[in-house]
Amino acid sequence: MTYTKAWLNYEKMDDSPERICVALSETGPIADSIRRELQIAFEAMYGVAPIFADQTDKEALFVTFHCSKVHMYGEEGYLVKAVPGKITVESGGQRGLLYGMFAMLERLRMGEYAFTLAQTPSNPIRMLDHWDNLDGSIERGYSGNSFFFCNEEVTVTERIRDYARMIASVGINAVCINNVNVRGVAAELITARYRAPLVQLSRIFEAYGVKLFLSLNFASPKRIGGLDTSDPCDERVRAFWRERIADVFEGIPNFGGFVVKADSEGEPGPFAYGRTHADGANMLAEFARPYGGIVIWRCFVYNCQQDWRDTKTDRARSGYDNFIGHDGEFADNVILQIKNGPMDFQVREPVHPLFGGLKKTNMMLEVQIAQEYTGQQRHVCYLLPMFHEILNFRTFCGQESDTIADIVSGRTYGNRNCGMVAVTNTGDDENWTGHDLAAANLYGFGRLAFNTSLSAEDIARDWIRLTFGLNQKVLENVQAILMMSWPAYEKYTSPLGIGWMVTPHTHYGPDVEGYEYDRWGTYHRADHMGIGVDRTPAGTGYTAQYNEPNASMYANVETCPEELLLFFHHMPYAHVLKTGKTIIQHIYDTHFEGAEEAERMLALWRELQGLVEPASYMRTLARFENQAEHAKEWRDRINTYFHRMSWVEDEKGRKIY
Ligand code: GCV
């Protein structure tokens with residue numbers, strides 16, 4: 001299948017140098033990737049193949065790469081200086097040269113010839129997690145099938161190299177290729193069965209500075225090792241893992257480590273043997289340590305067999321309750337991977353309290369660019385503004401640098417095993433991400449993880465120009481669409497932080513009570529008087545998991561940020577918000593507004609006919625038409641539900657069914 005070049009769509013530039021000379025004395029796979037990329041880019045942009053030589057002449061554009069081991073920007077940072085006719089790229093390592101080269105190409109593509117770019121990555125680990133299954137399906141995948149797996153085989157294709165180029169161009173340095181739910185033959189990825197193609201795959205990633213990770217099944221000793229237990233303290237189990245892990249690291253070059261989902265949504269874990277998560281993670285980490293390997297252990301642990309009548313158990317509490325008591329027990333090559341919020345990637349959630357709670361544990365922030373709950377890449381929902389808010393959240397953990405960005409970058413506690421990871425949104429669709437505009441989330445996540453101080457607007461602007469070219473109208477309209485998309489999606493779906501009003505299992509489309517009487521701990525508790533979950537000390541006590549002053553801020557209705565009001569409080573519909581509107585009127589108004597904004601996005605896109613490549617225009621138009629219709633469905637289902645529940649009329653007398 002053919003596929004687009006996404007933001008690596010190097011278009012012909014108006015001005016071209018006569019010759020381009022490149023001085024790059026480095027050798028090895030990354031240096032080769034740099035040469036290859038310059039070849040592709042310069043030929044496409046200028047119609048000129050670069051000459052790799054240390055000398056130049058006056059007419060040529062001369063690009064020089066310097067790598068010195070003690071460079072102030074470190075192994076992954078870079079300094080790029082460009083004046084007309086001459087560019088130097090410096091770094092302390094080849095990965096820095098690679099990133100510097102991509103940054104340089106971005107500027108050149110925007111028609112800039114004199115610039116200085118200096119950047120060290122904010123986060124040591126910048127990772128993408130694929131939830132790809134060995135049969136080729138993708139859990140919560142909305143852009144086709146896997147390009148790593150098909151029919152229980154690992155597929156190694158040219159597309160993977162292009163994927164590696166794309167993600168390296170935004171600074172991603174780690175990829176986990178298989179689903180954290182490790183089912184069936186996926187457990188055998190750590191055996192000889194899949195060794196040969198995994199080695200090939202890892203070599204491709206290595207050439208772009210990306211480490212390969214695998215998700216493992218904690219019950220492997222039983223499932224594939226022929227043992228009758230997977231108890232992490234059992235000597236036979238330890239021997240199994242010692243041998244398997246050594247074999248994987250010794251057999252696969254460029255291997256980074258493992259991602260583990262344990263005791264979560266039915267996946268096996270140490271609880272079955274009366275062991276802790278620290279026991280489980282540390283055992284694996286011990287055997288990965290000699291290879292510099294790491295174990296990324298997920299904190300998404302909660303009771304998914306809850307009785308909906310039980311109002312004391314609170315899923316939001318569970319991550320913190322399960323892990324806080326083990327702070328300081330995890331080995332230094334274990335990282336706890338924590339979702340951005342305490343529930344599960346809703347359109348609005350508070351920041352996970354574990355970030356402010358753990359003081360002696362490595363942490364990584366997990367976000368989801370696969371839009372499971374935010375329109376599934378059929379609706380446009382640019383998530384960078386949300387990620388920005390999360391990163392800037394102050395935890396008040398008692399240190400001077402106390403934001404999420406500080407903690408996961410290692411600034412707060414001086415650690416290196418930390419960073420950001422996104423559940424990724426790619427598949428084998430022609431445009432990689434289902435919706436053409438969903439690629440902005442992939443591009444944006446990488447850019448933000450590399451430099452957490454970038455604004456969502458600036459990232460959007462760069463992505464638009466690299467993807468669609470330099471037309472001003474395209475820039476203005478697409479930028480407007482992207483920036484209004486997350487607020488619009490929030491308006492026409494679940495209100496004020498309450499979450500989960502989606503169709504069970506698929507998680508697409510409205511179903512207000514879809515999860516209300518189910519076992520997943522995701523309730524809104526609406527009745528004829530009001531809605532929301534009391535998570536204050538008088539309720540489930542969740543607010544106390546935050547440090548002060550956040551704990552009190554959330555517990556108090558007056559100070560609780562209103563966009564999260566129903567997450568923290570059960571409120572009457574008649575409660576008056578700071579806007580002067582009652583909650584019920586707010587629900588009606590935002591749903592009418594959100595649906596109108598979806599129409600507005602469609603109109604903005606329509607104005608681009610003839611300015612955007614026709615296939616992309618048509619593909620995206622169809623998605624916008626669908627989104628506008630679907631937003632009305634959301635509007636009407638939500639408004640009708642609350643109208644019938646509350647018996648309160650819309651002040652503006654609009655049609656509610
Ligand atoms: C991979 C949610 C999703 C699951 C996913 C899980 C997780 O519950 O719906 O598909 O499983 O999160 O993050 O592990």
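## Ligand site

A polar contact is a pair of N or O atoms within 3.5 Å. In this predicted model, the side chain of Glu-139 places an N or O atom 2.5 Å from an oxygen atom of the ligand. Glu-372 does likewise, with an N or O atom of its side chain 2.6 Å from a ligand oxygen atom. For Arg-298, the distance from a polar side-chain atom to an oxygen atom of the ligand is 2.7 Å. Of the 340 Å² of accessible area that the ligand has on its own, the protein covers 96%.

## Helix H2

Helix H2 runs over residues 94–109, 16 residues in total. From its first C-alpha to its last it reaches 22 Å, close to the 22 Å expected at 1.5 Å a residue. The helix is mostly covered, with 15 of its 16 residues buried. After H2 comes Gly-111, which has a positive phi near 80°.

## Arg-535

Arg-535 sits in the loop between strand S17 (530–531) and helix H15 (550–555). Is Arg-535 buried or exposed? Its relative accessibility is 5%, so Arg-535 counts as buried; the cut-off for buried is under 20%.

Neighbours within four places in sequence aside, Arg-535 is in contact with Asp-314, Ala-316, Met-343, Thr-540, Gly-541, Tyr-542, Thr-543, Phe-567 and Phe-568.

Notes: Residues numbered from 1 in each chain as written. Predicted model: local features only at pLDDT ≥ 70, side-chain atom pairs only at ≥ 80, totals over all residues. Heavy atoms only, no water. Polar contact = N/O pair within 3.5 Å; in protein donor to acceptor, adjacent residues only side chain to side chain. Areas by Shrake-Rupley, 256 points an atom, 1.4 Å probe, with all protein chains shown as cover. Helix = DSSP H or I, 4+ residues; strand = E, 2+ residues; numbered from the N terminus. Expected span 1.5 Å × (residues − 1). Buried < 20%, exposed > 50% of the residue type's maximum accessible area, 1.4 Å probe, protein only. Contact = heavy atoms within 4.5 Å.
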